[in-house]
Amino acid sequence: MEKSIPLTTPEAPARPSRLARLRESDLWHSFRAHPSALFAAALLLVVALTAFLAPLITPQNPYDLAALELWNSEIPPIWETGGQWPYLLGTDTQGRDILSAVLYGSRISLIIGFASVLLALTVGLALGLVAGYFGGWIDNVIMRVGDVLLSMPFILIAILITAIASASLPTGLKDVLAAPILIVAIAVPSWVQYARTVRASAMVEAKKEYVQAAKLIRVKPWRIMLHHILPNCLTPIMVAATLNFGLAILSEATLSFLGVGMPPDQPSLGTLIRIGNQYLFSGLWWIVVFPSIQLCLIVLSVNMIGDWLRDALNPKLR
């Protein structure tokens, strides 16, 4: 009697992990072959790490007023005559170590820039999807509000929001809520760009057959927008968000330089530049030069990454 041979089904091949798929993607190969993108990413990584590890690598906490020593004020950088250890980049008129202030200020600028872009991106994606999917009067209302915001200067809207918030808040809460107010002030005029980009892509995708089929089987609109339309709109949004990250950091620095941003006891890079600008022609050049260099390095690295990402995601340039 012949023995029956059990039938076995071949095992399905294991799906590669997300990290493996990323390594095999065209985007990763483009990144590795792009020297300026590698340099910019390394520079931004160093700046971010030193900023967020500032409490471990800096000689003082510039936000702790009790740690400041006035007899150590106006010390030049260590390579100049009169420089002292551990103040590598010198001190300001209050005895605040410039290196510590720059790294702590970079952390505030990076957080405000990232949070404002994230908030504007979230609002812009939601409103753009709704406007492009439903159309009609909903589209008209959202776009007309965007047109009103675009008709006013960006910096004027941000100053107006910060001024209204400062006037309506109690004195004790102004400094505490300075960072959230700046985030909202930068995000409010910024969401229009994302909404317009997503709306244009959503209007095209909403007319395609797969979206019409999803409507016929009564898939909920929010599922169609999130799972079907949104993934096809992300490429231009990724580029815009990357480039706007640098603009958001510059906007925060501009507002702080004008005196409507972070307070002097919690200085961002813009606040440090505003304070140092008062002593630029009195010989204390290091108070304004080093925060300005740090701000330029951050914005330059972000813009270089954004330029590479725009070229890498453009099918015409592949």
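I began with Q193, which is partly exposed at a relative accessible area of 41%; I call a residue buried under 20% relative accessible area, exposed over 50% and partly exposed in between, with a 1.4 Å probe and protein chains only. Q193 lies in helix α10, where helices are DSSP runs (H or I, at least four residues), as strands are (E, at least two), numbered from the N terminus. I then looked up the C-alpha atoms of Q193 and I237, which are 44 residues apart along the chain and separated by 9.2 Å.

I note here that this is a predicted model, in which local features need pLDDT of at least 70 and side-chain atom pairs count only at pLDDT 80 or more, while totals for chains, interfaces and linings use all residues. Residues are numbered from 1 along each chain as its sequence is written, and side-chain values use heavy atoms, with hydrogens and water left out.

Next I turned to salt bridges. Side chains of opposite charge can pair when their charged atoms come close. I counted a salt bridge where a side-chain nitrogen of Lys or Arg is within 4 Å of a carboxyl oxygen of Asp or Glu, and the structure holds five of them.

I found R199 and D139 joined by a salt bridge with 2.6 Å from N to O. This pair links distant parts of the chain, since R199 belongs to helix α10 (residues 191-205) and D139 to helix α6 (residues 136-150), 60 residues apart. R199 is partly exposed at a relative accessible area of 22%, whereas D139 is buried at 8%.

I also looked up R196 and D147, whose side chains meet in a salt bridge at 2.4 Å, N to O. R196 lies in helix α10 and D147 in helix α6, so this pair ties together parts that are 49 residues apart in sequence. R196 counts as partly exposed at 40% relative accessibility, and D147 is partly exposed as well, at 26%. I noted that R144, D147 and R196 are linked in a network of salt bridges.

By cavity I mean a set of points, on a 1 Å grid over the protein atoms alone, where a 1.4 Å probe fits but cannot get out, and lining residues have an atom within 4 Å of a point. The largest cavity holds about 30 Å³ of space, a volume being the space filled by probe spheres set on the points, which are joined across faces, edges and corners. Its lining consists of D92, R96, I98, L272, I275 and I287. D92 and R96 form a salt bridge, with their closest N and O atoms 3.2 Å apart, and both D92 and R96 are buried.

I looked up I183 in helix α9 (residues 178-187), and I183 is buried with a relative accessible area of 17%. I183 and A115 are 68 residues apart in sequence, yet their C-alpha atoms are 6.4 Å apart in space.

Helices α3 (35-52) and α4 (54-57) each supply at least two residues of the patch. L53 lies in the loop between α3 and α4 and is partly exposed, with a relative accessible area of 41%.

Technical notes. 1 Å grid on protein atoms, 1.4 Å probe; cavity = no way out; pocket = protein on both sides within 12 Å on 5 of 7 lines; lining within 4 Å.
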